[in-house]
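Welcome! Take a moment to look over the sequence and the model, and then we can walk through some of the features together.

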Amino acid sequence: METGSVRTEESAPGEPVWTGLPPGLLRMRRLLLVVWLGLLAIAVGLLLALFAGPGWAAFALLPLALVAWGWRMLGRNWRSWRYAERADDLLISRGVLWREETVVPYGRMQLVEVTSGPLERHFGLASVQLHTAAAATDACIPGLDPAEAERLRDRLTELGEARSAGL
């Protein structure tokens, strides 16, 4: 089932409904990959051509090979990120090789903040950072649509206040 730019996976009854990250995060990360490794390839090529000879400039193609590999890895990483809102807690799952699932009980949340740096704002993205009493359970959901990030912040804050008050 599609919800705007966020993909949501159907789940069996009793299973959490997972929501993936919007594709804007993947576009931003891939653009950064191409820009930085492209600049590295140009710099390496120019330096090798000037100081070692034109034959050595072919080694500038190595960063471009990293672009192809990194492009695929960024896609796999992006697809691995998802979150689910349950009755008593928030689940965050991520990771390709080492799968990591974080469970943040609403009653343990002390602070929920939405951040968006200049690059994220340019791509229309925001991150939700969850802070709890135990630093090990702090969690972050990157690359959300700003409206979804604010909705999630407001909902988590409301649920956290209700749980900590014992309602």
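This is a predicted model: local features need pLDDT of at least 70, side-chain atom pairs count only at pLDDT 80 or more; totals for chains, interfaces and linings use all residues.

What does β8 pair with? One partner is strand β7 (residues 109-115), joined to β8 in the antiparallel sense over 6 bridges. To find a spot where the two strands face each other, look for valine 114, which stands opposite valine 128 in β8. Another partner is strand β9 (residues 139-144), which pairs with β8 in the antiparallel sense over 4 bridges. Here glutamine 129 has cysteine 140 in β9 as its bridge partner.

## An open sheet of four strands

Now let us move to another set of strands. An open sheet of 4 strands runs in the order β3-β4-β5-β6, and its pairing is antiparallel. At its edges are β3 (19-20) and β6 (100-105), each of which pairs on one side only.

Within this sheet, β4 and strand β5 (residues 89-94) run antiparallel and are joined by 4 bridges. Glutamate 85 stands opposite leucine 90 in β5. Keep glutamate 85 in mind, as its side chain also meets that of arginine 151 in a salt bridge.

## Salt bridges around glutamate 85

How many salt bridges does the structure hold? There are 6. In one of them, the side chains of glutamate 85 and arginine 151 meet at 2.7 Å, N to O. This pair links distant parts of the chain, 66 residues apart: glutamate 85 sits in strand β4 (residues 82-85), and arginine 151 sits in helix α4 (residues 146-164).

Glutamate 85 also forms a salt bridge with arginine 155, at 2.5 Å, N to O. Because glutamate 85 lies in strand β4 and arginine 155 in helix α4, this pair ties together parts that are 70 residues apart in sequence. Glu85, Arg151 and Arg155 belong to a network of salt bridges that also includes Glu148.

Are these residues buried, exposed or something in between? Glutamate 85 has a relative accessibility of 26%, so it counts as partly exposed. Arginine 151 is partly exposed too, at 34%, and arginine 155 is partly exposed at 33%.

## A pair of neighbours in sequence

Another salt bridge joins the side chains of arginine 153 and aspartate 154, at 3.2 Å, N to O. Arginine 153 is partly exposed, with a relative accessible area of 26%. Aspartate 154 is partly exposed as well, with a relative accessible area of 43%.

## Two helices side by side

Finally, turn to helix α1 (residues 23-51) and helix α2 (residues 61-80). How do their axes cross? They come within 10 Å of each other and cross at roughly 165°. Angles over 145 degrees count as roughly antiparallel, and α1 and α2 are therefore roughly antiparallel to each other. Their crossing is right-handed.

Which residues make the contact? On the α1 side they include Leu26, Leu33, Val34, Leu37 and Leu40, along with Arg29 and Arg30. On the α2 side, among them are Leu64, Leu66, Val67, Leu74, Trp71 and Trp78. The contact also takes in Pro23 of α1 and Pro63 of α2, as well as Gly70 and Gly75 of α2.

Definitions and conventions. Residues are numbered from 1 along each chain as its sequence is written. Side-chain values use heavy atoms; hydrogens and water are left out. A salt bridge is a side-chain nitrogen of Lys or Arg within 4 Å of a carboxyl oxygen of Asp or Glu. Buried means under 20% relative accessible area, exposed over 50%, partly exposed in between (1.4 Å probe, protein chains only). Two strands pair if DSSP finds at least two bridges between them. Axes are lines fitted to C-alpha atoms, for helices over the stretch in contact, and angles run from 0 to 180 degrees between N-to-C directions. Angles under 35 degrees count as roughly parallel, over 145 as roughly antiparallel, 65 to 115 as roughly perpendicular and the rest as oblique. A crossing is left-handed if the near helix is turned anticlockwise from the far one by less than a right angle, and right-handed if clockwise. Contact means heavy atoms within 4.5 Å.
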